[in-house]
Amino acid sequence: MSPSVRLQEMIRVIRGARTQGEERGVIQRECAAIRAQFRQADNGTRSHNLAKLLYVHMLGYPAHFGQMECVRLIASPRYNEKRVGYLGAMMLLDEKQDASLLITNSIKNDLSHSSQYVQSLALCTLACMGSAEMCRDLAPEIDRLLRASNSYIKKKAALCAVHMVRKVPELGELFTPAARSLLSEKNHGVLHGAVVLITELCERNPDTLEQFRKVVPELVLMMKGLVMSGYSPEHNVAGISDPFLQVRILRLLRILGRNNDTASDAMNDLLAQVATNTDSSKTAGSAVLYETVLTVMDIKSESGLRVLAVNILGRFLLNNDRNIRYISMTSLQKIVQTDHNAVQRHRGTIVDCLKDQDASVKRRALELSLALVSAVNIRSLMKELLLFLSSCPPELRAHTTSGIFNAAERYAPSQRWHIDTILHVLTTAGGDVRDETVPNLIQLITTATELHCYTVHKLYRALITDISVQSLVQVACWCIGEYGDLLLRGECEETEPVQVTEDDVLDALETVLQSHMSSPATRGFALTATMKLSTRITHNVDRIRSIVSIYGSCIDVELQQRAVEYNALFKKYDHMRAAVLERMPVIDKSSPGHTNGESAGGTIKELEPTKLTQEIVFPQEPSNQVCDLLDLLGGSGEPFQPSPSLSSTAPGPASSTAGGDLLDLLGGLDVTPAPPSVTVYEKNGVTLKLQTDTQTDTGMTVTLTATNSTDGDITGLTLQAAVPKSVQLQMKAPSGDVIPAHGLGQVTQTVLLNNPNKVSLKIRVRVCYTSQSSVCQDTVQIDSFPSTAW
Amino acid sequence: MTMHFLLLFSRQGKLRLQKWFTPIPEREKKKIVRDMTTMVLGRKPRSCNFLHWKDLKIVYKKYASLYFCCGLDAEENELLALEVLHRYVELLDKYFGNVCELDIIFNFEKAYFILDEFLLGGEVQETSKQVVSRSIEASDMLQEVSERPCSR
């Protein structure tokens, strides 16, 4: 009986076990038998026992007692034993086990074995689990094999070298010459290995990268050969000749062409050729096209080529294959900032993908749609987004609502549209909005003075329909409190007016006060609104008085305090009541969270950070943002969304009351030919320079350049900026977020400023980065700009 | 195509093959296997074949009753990964003749040997199907010869 049947027999028995317990029993018996066999002298069954053990291991049972057996089998002269031994080593040993060191010698011997299949086993194992020490030890062997062996071994040695370079980067220098010469091989396996090795070497060492730029023409020729060659049965996959090799060559070209004009020029024609000639009806072709597009977008390609690439992505969007639609959107997301117009052309298709069944595709479509919002398409795009919101999966709702709010804030064509949009979102998905939506909306409402009547009518209607959505209820209560008189008047130009009595309105507010669904904050809103109505209604003031006095003994301390204070207002300070509760002035968007001017000192309690009351209505960023960026020139800064990869525009508030304008520093901006740059920040080896370039008499371009003189790369660089209130700010996408060490490279980010009121220009920049694994964050204020004449 | 791991598992979540190309502690491996099986088996039938997990891209494909699932670096080409998985299935099919899950269960070591002729250190080592198949055949011949008692 051939011994391997015993392995299959064991597998059959294990699979026949009906319960977990039975299986455990069988396995324990087998393991005991295997252990016993291991202890015996060589009886020809060792490899089969190890194979059995490996099966057991795959089921999840412990198998460490087999480690030494692997070592022994690897050292055996017989191929069948070596084969299983090496397999065992790859499965049971990793570089952290002591036993793995013991196989170093066997591997070394086997690397020079007369049979290429034994050499192959050693190479495979080394590339799979070779530790840094083993790699250092055996690197010269690998180098030798790279130069003088057959193609079967060369291709494996190349990949083994890749593993070694990953483990011990200094070994890269050793393999560079051999890697170079491998490019002249004809065998595809070897070429593939060589390209992978060269890619690895170039990624790790910029000097090597420089060196290998010279092979770009060779690679271009190689690629051309693959693309234009006729049918090659050995390498053909769905009409593409060796897509694996093509993709790797394209990736190497990408690395070589990045940031280098000469190299990029040399590959321009080739990329155009690949893009046009590759048949993308099957995945293989699409994979090659995809890699081509990534390469085109990453190197310094001509604009015509870039448009071609974006069009390919656009075509992908219409593909039936969901995978291709998905990766098309991921790629479009990466380029939407830099090639915005090109991507805009495909907006229709992207918006259609919002209706796709697949959740990942939906998410990508949402991100892209939000990135494509502009003043031109805001109305139509918002319709689609709101439609999406009503049916979108729950995990995407919060993101959708905040995206919609940002877009609305930036591009709202009218205040009424803005208010309507926010109300629509609150009714559809009010539970998933951020906390500051309520103060933001209230602030917006106050600034839209002509729409107060319209707004309060809409909100009243919403309130009597449904009081479960807290954010909506809070805004509604606030509005009714403020503008209740407009509601009661019963006339409205913009919408059908409601005919309500004072009792109806008070009923609505009392329902909110008493409902279990209302959160404490909401009840606070309702109580204060009720109180405010006491100066806006005529007949039912007593009812209000009684409500207020009831809540004077409420268990909730916040409500109780308010009620007590309002009671006091009725009793002792009635002469002040009208003044205290009169209509609020338009709320200034930019002041940080101080109480509004009109509240009489002490009667309205200042809020705790988590709860919201209508007194604190300023748009505050979520707690992880920096609020003090706002406080420029004593309260005239702008709130800012710091996502460095998106261009952000500071919201232009509808009513910009003039802030503290000082000297007009920008009067008479002259465009100087070579604007000097000024160092604005220098710390920890990171230097940030600012250079200005004026284009119009109100607009200015500021370029921030960051360099790094330390020994390590700076990563995760983000720059945020804040400017005085009436200045508009737009930050373009930065060139990257990693500053190479030793001043080898820099990161630039362009900031467009528009200063229509010609206020004194100051800019506060916040720099965040990670240096030597510690996160640093600093803020600098720049008060003077180099190129302006003053 | 830098793969971090390749897993094959059945519809019930039973592991049929696991190849790890980076050194990971045993406990971590078990967790990854659990996460992968849960994530992949939980996908709706007409979803796309790409997922995100931690900082890796996960590409998976279902062939009959087996799920082939691999973990890649974030910059990798997912479409090519699908081709890699497909090529592996073709190689298995050629070797076993109309391969099915049982073949892989009862001959798991052969499945590994085939994989080791196709991928090395997480990268594709040979792009020609014929060359890989011929290498496996030759290795098998060598194994047979070395198993005979007279060759001791």
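How many salt bridges are there over all chains? The count comes to 48, where a salt bridge is a side-chain nitrogen of Lys or Arg within 4 Å of a carboxyl oxygen of Asp or Glu. The model is a predicted one, so to speak of local features a pLDDT of at least 70 is needed, side-chain atom pairs count only at pLDDT 80 or more, and totals for chains, interfaces and linings use all residues. Residues are numbered from 1 along each chain as its sequence is written, chains are lettered from A and ligands numbered from 1 in the order in which they are written, and side-chain values use heavy atoms, with hydrogens and water left out.

First, the overall layout of chain A. It is divided into domain 1 (449–580) and domain 2 (677–782), with bounds that come from an automatic or database domain assignment. The C-alpha centres of these two domains of chain A lie 48 Å apart.

Next, some individual salt bridges. A:Lys458 pairs with A:Asp420, at 3.1 Å from N to O. This pair links distant parts of the chain, 38 residues apart: A:Lys458 sits in helix α26 (residues 452–465) of chain A and A:Asp420 in helix α24 (residues 415–429) of chain A. Helices here are DSSP runs of H or I with at least four residues, strands are runs of E with at least two, and both are numbered from the N terminus. A:Lys458 counts as partly exposed, at 31% relative accessibility; on this scale buried means under 20% relative accessible area, exposed means over 50%, and partly exposed is in between (1.4 Å probe, protein chains only).

Helix α26 of chain A also holds A:His457, which counts as buried at 0% relative accessibility. A:His457 and A:Pro497 are 40 residues apart in sequence, yet their C-alpha atoms are 6.7 Å apart in space.

Another salt bridge joins A:Arg543 to A:Asp503, with the closest N and O atoms 2.7 Å apart. A:Arg543 lies in helix α30 (residues 541–550) of chain A and A:Asp503 in helix α28 (residues 502–514) of chain A, so the pair ties together parts that are 40 residues apart in sequence. A:Arg543 is buried, with a relative accessible area of 19%, whereas A:Asp503 is partly exposed at 34%.

A:Arg545 is partly exposed at 34% relative accessibility, while A:Asp542 is exposed at 54%.

Salt bridges can also be linked up: A:Arg251, A:Arg254, A:Arg258, A:Glu291, A:Asp298 and B:Glu76 form a network of them.

Then there is the backbone. Most residues other than glycine have a negative phi. A:Ala238, although not a glycine, has a positive phi of about 50°. This residue is in the loop between β1 (236–237) and β2 (240–241) of chain A, and A:Ala238 is partly exposed, with a relative accessible area of 38%. A:Asn259, also not a glycine, has a positive phi of about 60°. A:Asn259 is found in the loop between α14 (243–257) and α15 (261–277) of chain A and counts as exposed, at 63% relative accessibility.
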